[in-house]
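Please read the following note alongside the model. The points are numbered so that each may be checked separately.

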Amino acid sequence: MNFKYAILRKPSKSLSGGLRSVDYGDPDYKLALVQHSAYILALQECGLEVTILEPLEEYPDSVFIEDVALCTPGGAIICKPGAGSRKGEEIHIVNAIRQHFQQPGIIISPGTVEAGDIMMAGKHFYIGLSQRTNREGAEQMIAALEKYGFSGSCIPLKGILHLKTGISYLENNNILCWKEMSLLPEFSQYNKLVVPDNEKYAANSVWINGTVLVPRGNPVSERLIKEHGYNTIALDMSEFRKLDGGLSCLSLRF
């Protein structure tokens, strides 16, 4: 499939108040803006029409817009974030989604889903069960996807924030992943491009129309991707990494 559109949200000045599991220091807001602008240019270079939403100061993590909605070729579903500080954030994406999808589905409580836990591979969607996505939310998501002609399955997770923290689908039956993820039976049918342990952050890379966006500073992983026939664009993600954010987190692509 090819993507045509992307929706992003500008980083808020409250960015330093975002969630984090590891203390790499506070993000530099001005540098985050520079990195976000470079990300936008990369999406445009890949042929996407980009919509940029205004920041939400009351939600420090709102720049990680991927988590609040899932956009598919068949339709969109508004998610229900599992992190307490992000509850209600999904309301602010509805109008932008309705510019492209007239009747998006919606996950309702007590279900929770963050789309960072969802990986699309062809017509199948893998949904990680994490601290942010529970089974009830995942089952609601699968039911919604089935209405659009897709299938879905759940993968229990341990020791990882989101499913796509450790694995990305690069089309052509290739997945880029941590070694631990490569051993899961759910992914036995795929060709695995395993990132080295000292480049785990690179597992969250993004395929867009034949090009793969890769976090800068991961030369072994980038070379591996290139060896499998992909063009790459390396982007500095230092300030978003401080908040557990990766390349996929910064946009909705469809």
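1. R253 is found in strand 15 (residues 252–253), where strands are DSSP runs of E with at least two residues and helices are runs of H or I with at least four, both numbered from the N terminus. The structure is a predicted model, in which local features need pLDDT of at least 70 and side-chain atom pairs count only at pLDDT 80 or more, while totals for chains, interfaces and linings use all residues. Residues are numbered from 1 along each chain as its sequence is written, and side-chain values use heavy atoms, with hydrogens and water left out.

2. Is R253 buried or exposed? R253 is buried, because its relative accessible area is 14%; buried means under 20%, exposed over 50%, and partly exposed in between, for a 1.4 Å probe and protein chains only. The side chain of R253 makes a polar contact of 3.4 Å with that of E66. A polar atom of the R253 side chain also lies 3.0 Å from the backbone oxygen of S248. For such a contact, a pair of N or O atoms must be within 3.5 Å; within protein, one must be able to donate a hydrogen and the other to accept it, and residues adjacent in sequence count only if both atoms are side-chain atoms. With neighbours within four places in sequence left aside, the residues in contact with R253 (heavy atoms within 4.5 Å) are F3, Y5, A6, Y39, E66, C71, V206, I208 and S248.

3. On a 1 Å grid over the protein atoms alone, a cavity is a set of points where a 1.4 Å probe fits but cannot get out, a pocket is an open set with protein on both sides within 12 Å along at least five of seven lines, and lining residues have an atom within 4 Å of a point. Grid points are joined across faces, edges and corners, and a volume is the space filled by probe spheres set on the points.

4. The largest cavity holds about 390 Å³ of space. Its lining has 25 residues, of which F3, E66, M120, K164 and R253 are closest to the centre. At least two lining residues come from each of strand 3, strand 6, strand 9, strand 12 and strand 15. By class, the lining of the largest cavity comprises 16 nonpolar, five polar and four charged residues; Ala, Val, Leu, Ile, Met, Phe, Trp, Tyr, Cys and Pro count as nonpolar, Asp, Glu, Lys and Arg as charged, and the others, Gly among them, as polar.

5. The second largest cavity has about 100 Å³ of space. Among the residues lining the second largest cavity are D61, D67, R86, R132 and D244. The lining divides into five nonpolar, two polar and five charged residues.

6. The largest pocket has a volume of about 430 Å³. Of the 22 residues that line the largest pocket, S21, L161, T165, Y201 and D244 lie nearest its centre. Its lining has seven nonpolar, eight polar and seven charged residues. Y201 is in the loop between strand 11 (191–194) and strand 12 (206–208), and it counts as buried because its relative accessibility is 15%. Not counting residues up to four places away in sequence, Y201 touches P215, M237, R241, G245 and G246.

7. Helix 3 (residues 135–147) has 13 residues and should span 18 Å at 1.5 Å a residue; its end C-alpha atoms are 19 Å apart, which agrees. The expected span is 1.5 Å times one less than the number of residues. Buried residues in helix 3 are G137, A138, Q140, M141, I142, A144 and L145. These pack against several strands, including strand 6 (118–121), strand 7 (124–129) and strand 8 (151–156). G149, with a positive phi near 90°, follows helix 3.

8. Most residues other than glycine have a negative phi, and most peptide bonds are trans. The peptide bond from S109 to P110 is cis, with omega near 10°, and P110 is in the loop between strand 5 and strand 6. N173, not a glycine, has a positive phi of about 70°; N173 is partly exposed, with a relative accessible area of 35%. N209 has a positive phi near 55° and lies in the loop between strand 12 and strand 13 (211–215).
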